[in-house]
Structures are given as C-alpha cells and as structure tokens.
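Visitor: I'd like a walk through this one, with the criteria behind each label spelled out. Can you show me what we're looking at?

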Amino acid sequence: MPTYQLQDLTVRHLGGRSAPALQAINLTVEQGEQLALIGPSGAGKTTLLATLSLSHKPSEGSFHAFGVEPWTLGEASRHRLRAQLFLAPQTPPLPPRQRVVTAVLAARLPQWSVWRALVSLFKPADPEAAWQALSRFNLGDKLYARVDRLSGGERQRCGLARLLLSPAKSLLVDEPLSALDPALSELTLTTLREEARARNATLICSLHQVDLALGHFQRIVALRDGRIAFDLPRDQVTPQMIATLYQGEQPPAAAKTGDDHDAVAVKLGVGACL
Ligand SMILES: Nc1ncnc2c1ncn2[C@@H]1O[C@H](COP(=O)(O)OP(=O)(O)OP(=O)(O)O)[C@@H](O)[C@H]1O
C-alpha cells in the first residue's frame with residue numbers, strides 16, 4: 001500500500017493570494033521510498049510537506065495516506081494517523097528554555113501517558129536514547145544545553161534528532177541543510193536516509209541544494225508555481241530541466257560535493273544550477 005496517493009490535489013492557504021499554493025498535484029509515494037523535492041522559492045515545497053503531514057486540508061482532489069482518506073476521519077482517528085507522520089520543519093519549534101534532552105525526548109510524547117510525559121519534563125525518561133540520536137548528527141555534547149543557547153544549525157539538528165526518536169513511518173523533512181556547512185549537510189542526509197531505510201520509512205526531503213538532491217535521492221520531484229514540473233529518476237534529470245525550473249530565480253547555492261557527487265556536479269555543468 002502506498003504511503004501517499006494524491007490525485008488532482010489543490011491546496012489553498014487561508015488568506016493567501018488568489019492562486020492556490022498547490023494545484024493539479026498527482027503523486028504516488030510507495031512505503032520506504034525516498035525522494036527529494038526541489039524547486040524555486042515559493043514553489044510550494046513547504047505547503048506540500050505540510051499537506052502530507054496533515055497540517056493543511058486540501059480544498060480539492062483526492063488524498064490518501066496509508067490507504068485512508070485522513071480528512072474523512074474523525075479527529076481522534078486523524079490524530080492517531082498523524083503519529084505515523086513526522087514533519088521536521090526548517091525551523092523546529094523548540095521551547096527556548098528547555099534542555100536539549102527534554103526537547104528531543106518530546107518526540108515520544110504521542111506514545112506516553114500524560115503522567116509519564118509530565119514526569120519527563122523534570123527527569124528525562126531516556127537520556128541515553130536522546131544522546132544517541134544527537135550523536136548521529138554530531139551533537140551529543142549538547143545533551144544538557146539549553147535550546148536557546150544553540151546555533152541555528154544546532155537547533156536544526158536537534159529537530160532532526162527528534163525525528164530519529166519518533167516512531168513515524170513517514171519522515172517529512174523541510175530544508176534540513178539551510179543552516180549547515182557542507183560536511184554536516186552530507187552527514188545529515190546520509191543519516192536521514194540510513195534511518196529511513198532501517199525502519200522502511202518513507203522519506204520526503206525538500207532541498208535547495210540541487211547537487212545534493214541528485215547525489216542522495218533516486219527520485220526527484222520538482223515543483224514550480226504550485227505544480228509538479230517533473231517527477232523523474234535522477235538519471236533522467238538534465239541540466240536544461242534544472243535551468244528551466246529555476247528560470248528567473250537566484251540559482252540554488254552550490255554545496256561542496258563528496259566523491260560520490262562529483263559526477264553529478266559535472267553532469268549538471270556550470271551555468272545549469274551550480
Ligand atoms: N501561511 C501562508 N499564508 C498565505 N500564503 C502562504 C502561506 N505560506 C505560504 N504561502 C504561499 O504559498 C506559496 C507556496 O509557499 P511555500 O512556502 O510552500 O513554498 P516553498 O517552495 O517551500 O518556498 P521556500 O523554498 O521559499 O521555502 C507561496 O506563494 C507562498 O507565498
């Protein structure tokens with residue numbers, strides 16, 4: 001059963017501009033599949049991820065997640081379905097005065113009783129698990145730091161460590177590299193992909209770094225003006241397609257590439273997007 005099936009989907013923001021943020025979206029994502037979402041600023045990447053995490057209700061079209069139509073369910077059933085989906089936003093909403101350990105373990109809140117959750121605020125229930133998750137993003141030394149003392153990139157990785165502790169079967173990640181240097185960007189994408197593969201979770205990751213998207217993901221879904229511009233295996237994505245996608249926009253920043261990605265960078269070529 002696919003994780004997602006979207007047919008002719010339209011999504012509008014309340015109070016937004018007259019054109020929908022997403023329109024005529026047709027997308028099927030199988031369980032365990034990993035794909036990158038690319039496209040210029042304002043293309044609709046965040047809106048699509050929010051829709052897939054059930055944060056936005058589509059206004060038209062058909063939407064199935066794990067074989068059910070979430071918006072026909074009652075609130076309680078939809079809430080249970082949401083526990084299967086984890087959205088890591090670009091700027092994670094972490095309580096500023098909280099310790100990192102508590103913020104990371106909050107990923108387990110949906111599995112805990114109210115009592116256990118309250119106790120965990122004062123005495124973290126499983127600091128070892130939080131430390132292990134943070135260490136995978138090179139952040140183990142910040143276990144007991146306060147969230148408001150973290151840099152932007154550290155906050156971002158703290159949000160991703162939460163993802164590792166959530167039991168979700170669909171991992172939705174919005175621009176996880178925006179505050180990271182090239183080495184940490186590589187580590188972060190590799191860790192996310194390994195985690196998704198290990199638990200057969202679906203991974204959908206929006207990226208501004210086209211070279212990293214092509215280097216790490218087999219399937220590339222490109223959005224422009226709220227529509228799918230192309231949905232292709234990376235081998236079929238040409239420099240011309242990338243140039244057309246970002247036409248009139250600031251080209252995405254080039255990230256340093258590792259050995260695996262040099263071929264892709266060469267393939268894209270100067271003037272395409274790097
Ligand atoms: N809360 C909102 N209210 C109204 N319109 C919105 C809202 N959020 C986004 N939009 C509009 O929806 C469209 C898609 O925005 P979205 O944030 O999904 O794009 P994006 O591809 O993620 O952009 P970026 O790469 O800059 O993050 C844009 O036209 C944007 O202005």
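Predicted model: local features only at pLDDT ≥ 70, side-chain atom pairs only at ≥ 80, totals over all residues.

Visitor: What makes Pro176 buried or exposed?

Guide: The rule counts other C-beta atoms, placed from the backbone, within 10 Å of a residue's own: 20 or more is buried, 12 or fewer is exposed, and in between is partly exposed. Pro176 has 26 within 10 Å, so it is buried.

Visitor: And what about Glu175: how does it count?

Guide: Glu175 has 20 C-beta neighbours inside 10 Å, so it counts as buried. Glu175 is also in the loop between E6 and H7, and its phi is near 40°, a positive value in a residue other than glycine.

Visitor: How does Asp225 count, then?

Guide: Asp225 counts as partly exposed because it has 14 C-beta neighbours inside 10 Å. Asp225 sits in the loop between E8 and E9, and it has a positive phi of about 50° although it is not a glycine.

Visitor: Which residues is Pro176 in contact with?

Guide: Contact here means C-beta atoms, placed from the backbone, that lie within 7 Å. Leaving aside neighbours within four places in sequence, Pro176 is in contact with Ala88, Gln156, Leu160, Thr188 and Cys205.

Visitor: What makes helix H1 mostly covered?

Guide: Seven of the eight residues in H1 (residues 45-52) are buried. They are Lys45, Thr47, Leu48, Leu49, Ala50, Thr51 and Leu52. After H1 comes Leu54, with a positive phi near 70°. As for what H1 lies across, that's strand E3 (34-38), E5, E6, E7 and strand E8 (219-224), and H1 runs at about 155° to E7. For that angle, axes are lines fitted to C-alpha atoms, for helices over the stretch in contact, and angles run from 0 to 180 degrees between N-to-C directions.

Visitor: How do you know that E6 and E7 pair?

Guide: Two strands pair if DSSP finds at least two bridges between them. Five bridges join E6 to strand E7 (residues 202-206), so the pair meets that definition; the two strands run parallel.

Visitor: Where do E6 and E7 fall in their sheet?

Guide: The order is E5-E6-E7-E3-E8-E9, an open sheet of six strands with mixed pairing. Strand E5 (85-88) and strand E9 (227-233) are the edge strands, since each pairs on one side only. The twist averages 15° from one strand to the next.

Visitor: Which strands form the antiparallel sheet?

Guide: Three strands do, in the order E2-E1-E4, as an open sheet. Its edge strands are strand E2 (22-29) and strand E4 (60-65). Strand E1 (residues 4-11) and E2 pair over five bridges, and Leu6 stands opposite Leu27 in E2.

Visitor: What makes something a nonpolar core, and which residues have the most contacts inside the largest one?

Guide: A nonpolar core is a set of buried Ala, Val, Leu, Ile, Met, Phe, Trp, Tyr and Cys residues joined through C-beta atoms within 7 Å. The largest has 71 residues, and those with the most contacts inside it are Val104, Leu171 and Leu172. Helix H6 (residues 152-165) gives the most to this core, six residues.

Visitor: How many residues does each domain bring to the contact?

Guide: The contact between domain 1 and domain 2 takes 11 residues from domain 1 and 13 residues from domain 2. On the domain 1 side, helix H7 (residues 182-198) supplies the largest share, five residues.

How values were computed. Residues numbered from 1 in each chain as written. Helix = DSSP H or I, 4+ residues; strand = E, 2+ residues; numbered from the N terminus. Domains from an automatic or database assignment. Contact = placed C-beta atoms within 7 Å.
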